[in-house]
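Open the model in a viewer and keep the sequence panel beside it. The stops below are given as selections, each followed by what is found there.

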Amino acid sequence: MSETELRERAAHWWRTSICDIAPGRIAYRGYPIEELIGRISFPAMIWLMLRGEFPAPIQEGLLQAALVASVDHGPHAPSIAIAQMAVSCGLPLNGAMASAINTLDDVHGGAGEQAIELYEEVLRRSEAGHIDEAAADAIDHFTRTRSKYLPGFGHRFHPIDPRAEPLLALVDAAVSDGAVSGRYANAARAIERVMQKRKGKLIPMNIDGATAVIYGELGFAAPLARGIFCLSRAVGILAHAWEQTGRKDRNKGPMPKLFAYKYEGQPKRSLKSAS
């Protein structure tokens, strides 16, 4: 095999349609970086990188709203707490951010992805019947096969999540303008109706449910909901990690030192009695 063929094989191995980098040249999806700098927003850049084209203004606005809404939820959020503890243990900002982002898995951070999957199950089932019946069946299927916790609804801290309604209002406006279909919003609200009828009280949509509506309406695949959430929450993680660098805490644990943990193991015993 010739050197040219080897180079061609290596180039094919690392092929990409996202960026074109060479000495003196940087382009993303065909657009030279010098034309992008100062002309497009960061949400538009995210869209371009993931989707290959620029978003329409309403689409860009919806994505930006979802990103803004998810940046932080205080030190009691595990990802934020871990960032603070990591910095107090001597990690630099990038190490603290990596430690924190790695906690954004199925339980803490994955609800948006799961909510889109739930909405899509509702929409699939609604093709053969009323959407509320489809929602009821989808809820039952999810709780039977995946988890008793319904992703995107209810909140352990907020009786009503203050972030959800403004996001849904933006979606409704986009539906009125014909920018999105409203299908995912309809599926989410059908779930709310079914849950309210079953529980006798409203179990309102939370931030994950509302952003999942936006990501679904914008045509993002479910796994990207988690990825975009990580981009958003990284802002809060960075802010808290940086704040922690200005404090004198060392080896910061999950609780102040004056609070002891509870030991639930064996009482004190001796090797002599075990022999």
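A disulfide is a pair of cysteine sulfur atoms within 2.5 Å. This is a predicted model, and by that criterion the structure holds zero disulfides.

**Cysteines.** Select Cys89 and Cys230. Cys89 is partly exposed, at 47% relative accessibility. Cys230 has a relative accessible area of 16% and is therefore buried, the cut-off for buried being under 20%.

**Main core.** Next, select Leu63, Tyr119, Ile191 and Tyr215. These residues touch the most other members of the largest nonpolar core, which has 49 residues. Now colour the elements that give two or more residues to this core: helices H3 (42-51), H4 (57-69), H7 (111-126), H8 (131-145), H9 (164-176), H10 (183-199), H11 (207-217) and H12 (222-245). Which element gives the largest share of this core? Helix H10 does, with eight residues.

Centre the view on Ile191 and show its surroundings. Leaving aside neighbours within four places in sequence, the residues in contact with Ile191 are Leu118, Tyr119, Val122, Ala135, Ile139, Leu150 and Phe153. Tyr119 in that list is, like Ile191, among the residues that touch the most other core members.

**Second core.** Select Ala83, Met97, Ala234 and Ala241. They are among the eleven residues of a second, separate core. As background, nonpolar side chains tend to be buried together in soluble globular proteins.

**A helix pair.** Hide everything but H4 and H11. Their axes are 10 Å apart and the packing angle is about 160°. Angles over 145 degrees count as roughly antiparallel, so H4 and H11 are roughly antiparallel to each other. The crossing of these two helices is left-handed. To see the contact, show side chains: H4 supplies Leu62, Leu63, Ala66, Leu67 and Ala69, while H11 supplies Ile207, Thr211, Ile214 and Tyr215. Leu63 and Tyr215 were also selected at the main core, where they are among the members that touch the most others.

**Two loop residues.** Go to Arg29, in the loop between strand E2 (25-28) and strand E3 (31-32). Its phi is near 50°, a positive value in a residue other than glycine. Arg29 is partly exposed, with 23% relative accessible area.

Finish at Asn251, located in the loop between H12 and helix H13 (271-274). Is Asn251 buried or exposed? Its relative accessible area is 55%, so Asn251 counts as exposed. The phi of Asn251 is also positive, near 50°, in a residue other than glycine.

Terms used:
Residues numbered from 1 in each chain as written. Predicted model: local features only at pLDDT ≥ 70, side-chain atom pairs only at ≥ 80, totals over all residues. Heavy atoms only, no water. Core = buried A, V, L, I, M, F, W, Y, C linked by side-chain atoms within 4.5 Å. Buried < 20%, exposed > 50% of the residue type's maximum accessible area, 1.4 Å probe, protein only. Helix = DSSP H or I, 4+ residues; strand = E, 2+ residues; numbered from the N terminus. Contact = heavy atoms within 4.5 Å. Axes fitted to C-alpha atoms, helices over the stretch in contact; angles between N-to-C directions. Parallel < 35°, antiparallel > 145°, perpendicular 65-115°, else oblique. Left-handed = near helix turned anticlockwise from the far one by under 90°.
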